[in-house]
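Here's a quick look at a ligand and the residues around it. Have the structure open as you read.

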Amino acid sequence: MKVDLHVHTTASDGLLSPKDIIVKAKENGINTLAIADHDTIDGISEGMKAANEKGIKLIPALEISAKHEKQIHMLGYFIDYTDLKFQSFVNKLKNSREDRNQKMLKKLGKFGFEITMEELKANAEGNIGRPHIADIMVKKGYVSTFPEAFEKYIGNDKPCYVPKERPDIRKAIEIIRKYKGVPVLAHPKYTFLEGEELENFIAYLSDIGLGGLEVYYSKHNKEEEACYLKLAKKYSLIPTAGSDYHREGDAFGMELKKEYLDKLLSLKDI
Ligand code: AMP
Ligand code: ZN
Ligand code: FE
Ligand code: FE
């Protein structure tokens, strides 16, 4: 089945609005989609409306940046985005981003790159993150390409990078479960763990309530897919598929066995 269970919109750092991503899904023959913006559910209502009009099944989701040695991204499917307590938890994540952006701009200032919060906000509609900063750096001629901004300045562990204040992984899983969601580990490739270390980590997450593993991801190769699928089976995790689409030029749409999609869909409201 052609699905895409991991796309971003203008509610975080994607370039298409929730409505436009639904239109794109329709054009691409995708009938099950999940909007999983970084630390926000602000795009879901608009997406739901458009999805209903276009006859697309939209799974409400989000992608929480969580803490565990390095950065870990936890997807939450079917979360109750209308719950006020959940919204308040998510808003706290948003506010901590604001502080972090301030700190990154200050560091960039030390390199002679002048970017103000106002400029950053003028170029973004939703949750502001590093891609917005990178875009401005290109626009102002501070770097010549978008990847260069990350490679030299704002990539993880580069001089102007500031980590976000994040919930730890256990808390992220707990919160997703509490608000009726299914926690799924995004892009296992970016845990940068392999072999026994990866397996121990997956075993631990599975013990604390993980429900699925993003086995199929636009940047996983066949070998990685096979490895993650094996782990998913061993630890009874549902394999999911997502492209992580942000902007034109990114992969969009993924193949997922109907059996796996049905399994995920069956967990709604449990
Ligand atoms: P943030 O949530 O603000 O830390 O930004 C994370 C986003 O930045 C990711 O979802 C990617 O879209 C982008 N990103 C992170 N590292 C890189 C990189 N090395 N090259 C290009 N984009 C990156
Ligand atoms: Zn992103
Ligand atoms: Fe991610
Ligand atoms: Fe993502």
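A polar contact here is a pair of N or O atoms within 3.5 Å. This is a predicted model, where local features need pLDDT of at least 70 and side-chain atom pairs count only at pLDDT 80 or more, while totals for chains, interfaces and linings use all residues. Residues are numbered from 1 along each chain, chains are lettered from A and ligands numbered from 1 as written, and side-chain values use heavy atoms, with hydrogens and water left out.

| Residue | Atom type | Distance |
|---|---|---|
| Arg97 | polar side-chain atom | 3.0 Å |
| Arg130 | backbone N or O atom | 2.8 Å |
| His246 | polar side-chain atom | 3.4 Å |

On its own, ligand 1 has 510 Å² of accessible area (Shrake-Rupley method, 1.4 Å probe), and the protein covers 71% of that.

Now for the shell around ligand 1 (residues with a heavy atom within 4 Å). Among its members are Asp13, His38, Lys164 and Phe150. By class, the shell has 5 charged, 3 polar and 3 nonpolar residues, with Gly counted as polar and Pro as nonpolar.

Key:
A polar contact is a pair of N or O atoms within 3.5 Å; within protein, one must be able to donate a hydrogen and the other to accept it, and residues adjacent in sequence count only if both atoms are side-chain atoms.
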